[in-house]
Amino acid sequence: MKLKNLLLPLAMLLPMAATAQSISQSQIEQFQSLPRAQQEALASQYGVDLEDFQSSGQRNQRPRDVQVVEPAESISDDERGQARAEKEEDEKEKQAADKNGGLKPFGYELFRGSPTTFAPVTEIPIPSEYTLGPGDVLRIQLWGKENQNLELPISRDGTISFPQSGPMSVAGLSFDEARQQIRKQVSEQYIGVQASVSLGELRSMRVFVLGEARNPGSYSVSSLSTITNALYVSGGIKQTGSLRNLQHKRDGKLVGTLDLYDLLLKGDSSNDNRLQPGDVIFIPSVGRRAGIEGEVYRPALYELKNENSLADLVGMAGGLTPQAYPQRINIERTNEDFLRIIAEADYTAAKGKNARIQAGDRVTIPSISDITGQYVEIAGAATRSGRFAWMPGMRVSSIINNLDADLTPVADKRYAAIVRTDDKTDTISVLNLRLRNAIQNPGSAFDLLLEEKDQLLIFSDAGKVEGGEEGREFTRESLFEPVLRRLKSQATPSSPQKTIRITGPVRYPGEYPMPASGQLSDAIFVAGGLKDSASLFHAEVARYTTDENGIGRTNILNVNLADAMAGNGNLALQSRDRILIKSIPEFAKTSTIELQGEVRYPGVYTFRDGETLKEVIERAGGLTDNAFPRGAVFTREKLRRLEAQRLREAEDRLQGDLLGVQLEGDGLGGESADRTQQVEDLLEDVQSSRPVGRMVVNLEAVVNDNGYQAIRLQDGDTLTVPTIPQSVTVFGEVQFPTSHLHQAGLTVDDYLERSGGPTRQADESRVYVVKADGSVMLPEKSRWFGSRSQQLEPGDTIIMPIDVDRLNQLELWTNVSQIVYQIALGAAAVGNL
């Protein structure tokens, strides 16, 4: 039923489709919403060409929006080339600005840029004198006896198709005339119906932008567009083009000119004429220019027209700033001999304001000098640094009255310095300030009187400065650096430089201005005070002097630091004194040994100087019942470093041996690869070895034998006491290196046999045993070991070494023996202690 109701009115309208004069846009859209098959069936039934119907419908639709500028995605290769050309133009403009001392021509940025985002404004009131033309759309609202909204486009023949009344010619009429005519026709043909007429979509038109435009050519713009709209579309004006004489031409005749300075400087757009189809905007070359810089609000290059005076140029630049010094304005220009000269003008006088400005002039407005008096300055870790007004009688507490509010969190609240300048001699001196005392006791002797041009330095406290950079620029070193440099530069033979240097356990060692009091205690206070490691009994002052013959020499003065800090000393500091604060010997130095394993109370023990291993073990409660003292491992940090050094030396020698094997084996057939691999394996073993710093000790004798040599402890020593073992280990060139359960009566050969016997690379004549205490038994040094029938004990280790003779008689045995004896044992290093 719904489909029938829909098709019936459409079927009645189809015979009228040829002209489509009486079909509304909503009816056409209703028909086009039907499936294609139903559209074709209805068109065939009533003898109507479907294509003609659709094209007719399209003629009644609103015209599509004119795309003034193509989207960025559809930019062609030509446009990309244009973009590159614009980039080159930008580079030229930048170079031109560099030639002009950084000054850029005024006003060109307003219209400059890509026009891709530009769209002419159409939603504005239409002037009554607007002339209608093809492409415009009239919106007509009928109300009264009949209500209807119509959108009637003006066709190419200049007519609109008004329903039930035929075409009406409106092209060439003003909008007001067309509105009156339409109202009249509606009132005559529709009784009781009134009409309201407005403009919908506006037509587009083509205009030309030529001359010194950034992108000269023809552009489609809205029919309401003005000269400035066209400038936006074209991307603006080149810096070689004039902003003050834009020419608006129509049919080859000059219609008007536009001075963009009126728009930019005064907001006057009265000469921004509306364009018509075919109009030409011609941009001539730039005219005379003059530059102005310095204390004006808009320093730039300005194009001159009728402005010939300095006042006119200053006015275009926005006027003088409050910091300007108008009495001596510099004007640089080219004279008749083509030489650059400098003239001056007093802008406070009428003659100076009327000074003539010529093309190519460069005007510089100077600034007033920096504050020359009546100020004091705060620098460093202050909340509000800078210059402040000075008044006679002002003290430090006058400008800093709250340590928390006026100083930053990283500030040193104990000490500050005042740098004072002598107006007569232009030399500086430094006064030390106990800042906390001054602020907490205003008006006291600590609260120093400030003089004109004093500079108050607030330093940061290193203990408050965390990982960031905040406060690091306010250290004593950084803030005093220019002060020290000036003190040294102003020194003379009669007035030597007033600097000292302090080293040792003070908070901030370094070079400082000499305290005005000359007291050592004040110098230490400037350096942040003493650390707790400082010795109060001994200090030295190295003093440079000259003898009666004028020869320089250094004297060393010993000082009782406790008396000097108490103010009882009579030593007065002099220029270039070097103060050495001595440290307490072995201050806060602690030496520790770590006891691990089978001791009654294992842990890290601090020992006294000269204390022995036996004494520390007794402090730890002695050994437990499960302790195996013969297998104890005693390591020493000094030995570990020595072993690490020898490991590096052994590795270097093995690297050379490996290179020798590779070079020697180049012409010896297949044995080269085997030897190379064997040396590489040995080198890998050395590289993977980690020094332990073991020293062989008889722990059982250490604990129980009073006649055994006492072992004096060193910082970093470690003692590990294992539990009683039950195994014998076999390492080296055997088939299956492993550990075996100890059995009484078994010999070396028995354990070797249980590990599968030696490999082909084994050297059976050099088998040795590492005892549980780290000592070694070698065949040639042990009578009982020659038969390898000696019975072993729990914890012993059998080593089957590699046959180094197979490696082409290389000197590798020495390398390997150093690694084995010094890393596995540590006994050979005892003599180096």
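Reply: Start with pairing: two strands pair if DSSP finds at least two bridges between them. The model is a predicted one. In it, Thr729 has Thr797 in S35 as its bridge partner.

Me: What makes strand S31 and strand S35 a pair, and in which sense do they run?
Reply: Four bridges join S31 (residues 727-732) to S35 (residues 797-800), in the parallel sense. The cut-off is at least two bridges. Therefore four bridges qualify them as a pair.

Me: What makes the approach of Lys771 to Asp796 a polar contact?
Reply: Their side chains come to 2.7 Å. The limit for N or O atoms is 3.5 Å, with one atom able to donate a hydrogen and the other to accept it. Leaving out residues up to four places away in sequence, Lys771 touches Glu793 and Asp796.

Me: How do you know that strand S11 pairs with S12 and with S15, and in what sense does each pair run?
Reply: S11 (residues 289-294) and S12 (residues 300-303) are antiparallel, with four bridges. A hairpin of five residues connects S11 to S12. S11 and S15 (residues 362-365) are parallel, also over four bridges. Ile292 shows both: its bridge partner in S12 is Ala300, and in S15 it is Val363.

Me: How do you know that the length of helix H6 agrees with its residue count?
Reply: H6 (residues 175-189) has 15 residues.

Me: What makes the buried residues of H6 line one face?
Reply: The buried residues are Phe175, Ala178, Arg179, Ile182, Gln185 and Val186. Seen down the axis of H6, they fall within an arc of 135°, so they line one face. In general, residues three or four places apart in an α-helix point the same way, because there are 3.6 residues a turn. Exposed Lys184 and Glu188 are on the face turned away from the buried side of H6. Strands S1 (137-144), S3 (159-162), S4 (166-169) and S5 (193-199) are among what covers the buried residues of H6.

Me: Why is the ring pair of Phe459 and Phe480 called tilted?
Reply: The planes of Phe459 and Phe480 meet at 45°, with centres 5.0 Å apart. Stacked needs under 30 degrees and edge-to-face over 60. Phe459 lies in strand S20 (residues 455-460) and Phe480 in helix H14 (residues 476-489), 21 residues apart.

Me: And what makes Phe480 with Tyr512 edge-to-face?
Reply: Their planes stand at 85°, which is over the 60-degree cut-off, so the pair is edge-to-face. The ring centres are 5.9 Å apart. Phe480 and Tyr512 are both buried.

Me: Which residues do ring pairs link into a cluster?
Reply: Tyr415, Phe459, Phe480, Tyr512 and Phe525.

Technical notes:
Residues are numbered from 1 along each chain as its sequence is written. This is a predicted model: local features need pLDDT of at least 70, side-chain atom pairs count only at pLDDT 80 or more; totals for chains, interfaces and linings use all residues. Side-chain values use heavy atoms; hydrogens and water are left out. Helices (H or I, at least four residues) and strands (E, at least two) are DSSP runs, numbered from the N terminus. Contact means heavy atoms within 4.5 Å. The expected span of a helix is 1.5 Å times one less than its number of residues. Buried means under 20% relative accessible area, exposed over 50%, partly exposed in between (1.4 Å probe, protein chains only). The arc is that of the directions from the helix axis to the C-beta atoms. Rings of Phe, Tyr and Trp (its six-membered ring) pair if their centres lie within 6.5 Å; planes under 30 degrees apart count as stacked, over 60 as edge-to-face and the rest as tilted.
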